[in-house]
Amino acid sequence: MLTNEMLESIKKVEATRDERMHAELRKMTAEEKEAILNAFHPDYKDEGFEVLQVGPNKGEKVPTELCHLLQGTSRVLGKDIDLENPDYDTDVLIIGGGGAGSSAAIEADEAGCKVMLVTKLRIGDANTMMAEGGIQAADKENDSPAQHYIDAMGGGHFCNKPELLRKLVCDAPIAIKWLNELGVMFDKEEDGTMVTTHGGGTSRKRMHACKDYSGAEIMRTLRDEVWNRKIPVIDYTAAIELIKDDKGAVAGAVLQNMETGELYVARAKTVIIATGGAGRLHYQGFPTSNHYGATADGLVLAYRAGAPLLYADTIQYHPTGVAYPSQIFGALVTEKVRSLGALLVNIDGVAFMNPLETRDVTASTIIRECKERGKGVPTPDGGYGVWLDTPMIERLHGEGTIEKRIPAMLRMYLEYGIDMRKQPILVYPTLHYQNGGIKIEANGMSDVENLFVAGEAVGGIHGRNRLMGNSLLDVIVFGRNAGKNAAAKAKTIDTVGKLTLSHVDSFEKELEGAGLAGGELSPKLLPDYTRK
Amino acid sequence: MSEEKMVNIFIMGKKYEVPASLTIMTAMEYAGYKYVRGCGCRNGFCGACATVYRIKGEFELKTGLACQTQVQEGMYISQIPSFPTKKAEYDINEVSPDQQVMMSLYPEIYSCIGCNACTNACPQKLPVMQYIAYAQRGDFKACANASFDCVACGLCSVRCPAGITHPQVGELARRLNGKYIAPESKHLTKRVDEIVKGEHEEMIEKLMQTPIEELKNLYNTRDIEK
């Protein structure tokens, strides 16, 4: 039930809608953006961070919850693990069953390697499945990979690693073609032209979509392909530690059955970490749009094995998470809603910003509107939100547009009696994406020999802020890239050396030396939402 | 804030009192269950939390996704985190979009008795029986579009007396449609050719060599498509 205050505010939103319909809302200057980020973006709040005291990034700050896990206690300590007789033996071991892991599996299999994919939930239980808005690629006449490069650089505050970004934008059209040929149903005109829109921070309309099930359509196609290829998928099995060989190269992982607790040893010539993001760590108490298993496990494993992280202190808060109703609090409201023309409006019915600024700027401006200016709409849970004026979409593009272009959003709200075609919806930023992650080179390998990384677990592709549609793109481009290169590397290895977990012991000694032994068990594997 | 309204629900037959505002998923967690199975994206996209329930005193068996369904008084809940279904293996490059492919891979669809239990079970409210009918006829475009919002929770298959695995039939139809039936995007083919020939290398190289201050200027003054 909407509160009286909400209903009163909706009347004001309706009263101003006509004059807002074709309003040109000014974009902020570079200086204005900088100021608003400094004052309101959660990344700039020192109390949300701690400084690492051990490991490759010693002396750098990361979110507090991640810091505790990176410096946590290994799950293999004190366990009797027989490294001499592995339970699994493979060429390429892939940890993670989302878009990146599945793309990597397909390419490594295509290259003729023996591949095995492990996932702590099921293949497809991943943020890829939940990506709604779309995937960027510069494939139109007025666009180019260079234009895409400039947009992503600017969005990323010019911190993107150039050689990674080059790969992202140049391989983008190739990735779309690959997906299309696997059978992904992109939104197209009658003549085959891709239907493309803007995203926050894009200078060309290059957002390709599959309605607002873009990630789901891509993920289920990849999953079907993995199954068709009969690639072994070991589900409900988490990787809890990497294994190295006697030369210090990564050579497998210790696995744990999520239900029975049984441990297994997997030996591999190369390993790909594709474990995704960290939304379920709920940095600074934010709700999240992420899936249940997004607990940064891969970062913990890689860090203990000696792989440095890059930009692990930058987190993306999606500007529009659900603020109300409480049942879906924090769930994602796709950026496509704004791409289609819905404006962000405050309690008085005033459109307070151009809704297609980059995500970090938009989220910060919404926070300012609520916290500093007091123009948010209070919710029964004690929080607040601003309106996303969805009826504008039907007015701008014709009746039926919402059902056709964003059916998942319509369905999600209708479950709770809210018809977004007729009334605006309340939104507030939600923890959405890990901009940083494990540092890699353009071949997908981390600083640790034979350890490859792909997808959200990578840091550097997007600099300090990712643009909409560049994540679905990155899981495909860098997933395939890691699969190909990990396979090629595996072919150069005749026999794997003697397996060891000595790096885990060394890390534990470092922790003891820093007085940090006995921290929480990590990786976290799953959040705990049971009532305490 | 006023006192929280509570309801009684029955999780696999056992009674718990939980806040009325919760979903089935958060109510189970409130009751003390920590999920391993039966929970995925928590946002209605992955189909991991297929659930059946009956309201005390009512006849009808209902279905829903635990993450998207609010609890009610007297709700008897069982989750179906896994159900044996059929997945036919095929090579997408070797099949063609004609009626024959469904006959050989999913012949059981022709045993549909028209009971419509699948459609009634769908938490996404899709016309499931209708899309199976399209598949029978070899109209893969229609099948693909009608099944597009499927999250593969499998509740249709649980209820099907003919043993059809509807989500997999839809998946095959969508892949056939996306690959073979939908028109080619010529601008995409053209751009990929250019990239493969290296025609964009020089521009990118130049940008990679450009000093940050100059890049910033390029970014801040770039023209934006209307």
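Predicted model: local features only at pLDDT ≥ 70, side-chain atom pairs only at ≥ 80, totals over all residues.
Residues are numbered from 1 along each chain as its sequence is written, and chains are lettered from A and ligands numbered from 1 in the order in which they are written.

Start where the chains meet. Chain A places 67 residues in contact with 61 residues of chain B; two residues are in contact if their C-beta atoms, placed from the backbone, lie within 7 Å. On the chain A side, the elements that give two or more residues are α5 (127–130), α6 (145–155), α7 (162–182), α8 (214–228) and α14 (407–414). Helices (H or I, at least four residues) and strands (E, at least two) are DSSP runs, numbered from the N terminus. The most comes from α7(A), with 10 residues. By class, this side of chain A has 30 nonpolar, 16 polar and 21 charged residues. Here Ala, Val, Leu, Ile, Met, Phe, Trp, Tyr, Cys and Pro count as nonpolar, Asp, Glu, Lys and Arg as charged, and the others, Gly among them, as polar.

Chain A also has an open sheet of three strands in the order β6-β8-β7, with antiparallel pairing. β6 (135–136) and β7 (196–197) of chain A are at the edges with a single partner strand each, so one side of each has no neighbour in the sheet. Two bridges join β7(A) to the antiparallel strand β8 (residues 207–208) of chain A; strands pair if DSSP finds at least two bridges between them. A:T197 has A:M207 in β8(A) as its bridge partner.

Further along chain A is strand β17 (residues 384–388), where five of five residues are buried. A residue is buried if 20 or more other C-beta atoms lie within 10 Å of its own, exposed if 12 or fewer, and partly exposed in between, with C-beta atoms placed from the backbone. β17(A) runs antiparallel to strand β15 (residues 344–345) of chain A, with two bridges, and A:L344 is partnered with A:L388. A:L388 is also the bridge partner of A:I425 in β18(A); three bridges join β17(A) to β18 (residues 425–434), again antiparallel. β16(A) and β17(A) form a hairpin with five residues between them, and A:G382 in the turn has a positive phi of about 95 degrees.

Another glycine with positive phi, near 70 degrees, is A:G515, which follows α16(A).

In chain B, the domain assignment gives domain 1 (6–79), domain 2 (99–181) and domain 3 (195–220); such bounds come from an automatic or database domain assignment. The centres of domain 1 and domain 2 of chain B, taken over C-alpha atoms, are 27 Å apart. Their contact takes seven residues from each of these domains. Strand β4 (residues 62–65) of chain B gives the most to the domain 1 side, with three residues.

Finally, B:I109 lies in the loop between α2 (99–105) and α3 (117–121) of chain B. B:I109 counts as partly exposed because it has 18 C-beta neighbours inside 10 Å. Leaving aside neighbours within four places in sequence, its contacts are B:M102, B:I132, B:A135, B:Q136, B:I164 and B:V169.
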